[in-house]
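Visitor: I have a structure open and would like to learn how to read it. Could you take me through it feature by feature?

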Amino acid sequence: MYEELMPVQLLGEGAPPQAAGPAMVLSFEVELETLRERLLARGETSGRDDDNAQIIEKRFRTFTKTTYPVIQHYQRQGTLHPIDGGRSVDQVYASVRAVIDQSFPLRPKPHSLTL
């Protein structure tokens with residue numbers, strides 16, 4: 001099950017202009033306990049009132065009810081790319097970069113001749 005979603009629409013080279021839907025959706029998957037720990041730790045330093053156990057649990061319920069069906073939709077469409085968000089920032093970045101590079105390979109720019 002996907003515990004966390006950070007959908008990112010990327011319409012880049014190779015994607016038709018005015019595409020009917022996103023060419024790619026990234027879903028960052030993180031264990032609930034890891035998310036809970038991260039949010040509570042953030043609350044200790046950020047001063048945010050909404051990073052408390054009660055609000056965090058409400059966020060999880062809201063995600064399950066309203067956001068998870070969206071993930072399932074994009075999974076059926078074949079545009080969902082799950083990323084393990086429980087790893088280090090560098091590891092997550094490398095996974096995101098690999099998905100983007102695979103989905104939107106750079107094309108060499110044509111050389112122009114100046115006479």
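Visitor: Let's start with a helix. Which residues of H1 are buried?

Guide: Some ground rules before that. This is a predicted model, where local features need pLDDT of at least 70 and side-chain atom pairs count only at pLDDT 80 or more, while totals for chains, interfaces and linings use all residues. Residues are numbered from 1 along each chain as its sequence is written, and side-chain values use heavy atoms, with hydrogens and water left out. Helices (H or I, at least four residues) and strands (E, at least two) are DSSP runs, numbered from the N terminus. Buried means under 20% relative accessible area, exposed over 50%, and partly exposed in between (1.4 Å probe, protein chains only). In H1, Leu35, Leu39 and Gly43 are the buried ones.

Visitor: Why do the buried residues of H1 line one face?

Guide: An α-helix has 3.6 residues a turn, so residues three or four places apart point the same way. Among the residues of H1, the buried ones are Leu35, Leu39 and Gly43. Looking down the axis of H1, they fall within an arc of 70 degrees, so they line one face; the arc is that of the directions from the helix axis to the C-beta atoms. Glu44 and Thr45, on the other side of H1, are exposed.

Visitor: What covers the buried residues of H1?

Guide: The cover includes helix H2 (53-77). The axes of H1 and H2 come within 10 Å and cross at roughly 140 degrees. Angles under 35 degrees count as roughly parallel, over 145 as roughly antiparallel, 65 to 115 as roughly perpendicular and the rest as oblique; H1 and H2 are therefore oblique to each other. On the H1 side, the contact (heavy atoms within 4.5 Å) is made by Leu32, Leu35, Arg36, Leu39, Leu40 and Arg42, and on the H2 side by Ala53, Ile56, Glu57, Arg59 and Phe60.

Visitor: Can we zoom in on one residue there? Is isoleucine 56 buried or exposed?

Guide: Isoleucine 56, which lies in H2, has 0% relative accessibility and so counts as buried. Setting aside neighbours within four places in sequence, isoleucine 56 touches Arg36, Leu39, Leu40 and Asp51. Isoleucine 56 and leucine 39 are 17 residues apart in sequence, yet 7.6 Å apart in space, C-alpha to C-alpha.

Visitor: Which residues are buried in H3?

Guide: In H3, those are Val92, Ser95, Val96 and Val99. They cover an arc of only 95 degrees around the axis, which puts them on the same side of H3. Asp90 and Tyr93 are exposed on the other side of H3. The buried residues of H3 pack against E1 and strand E2 (80-84).

Visitor: And how do the pieces follow one another along the sequence?

Guide: The protein has 3 helices and 2 strands, in the pattern β-α-α-β-α. Of its 115 residues, 25% are buried.

Notes. Axes are lines fitted to C-alpha atoms, for helices over the stretch in contact, and angles run from 0 to 180 degrees between N-to-C directions.
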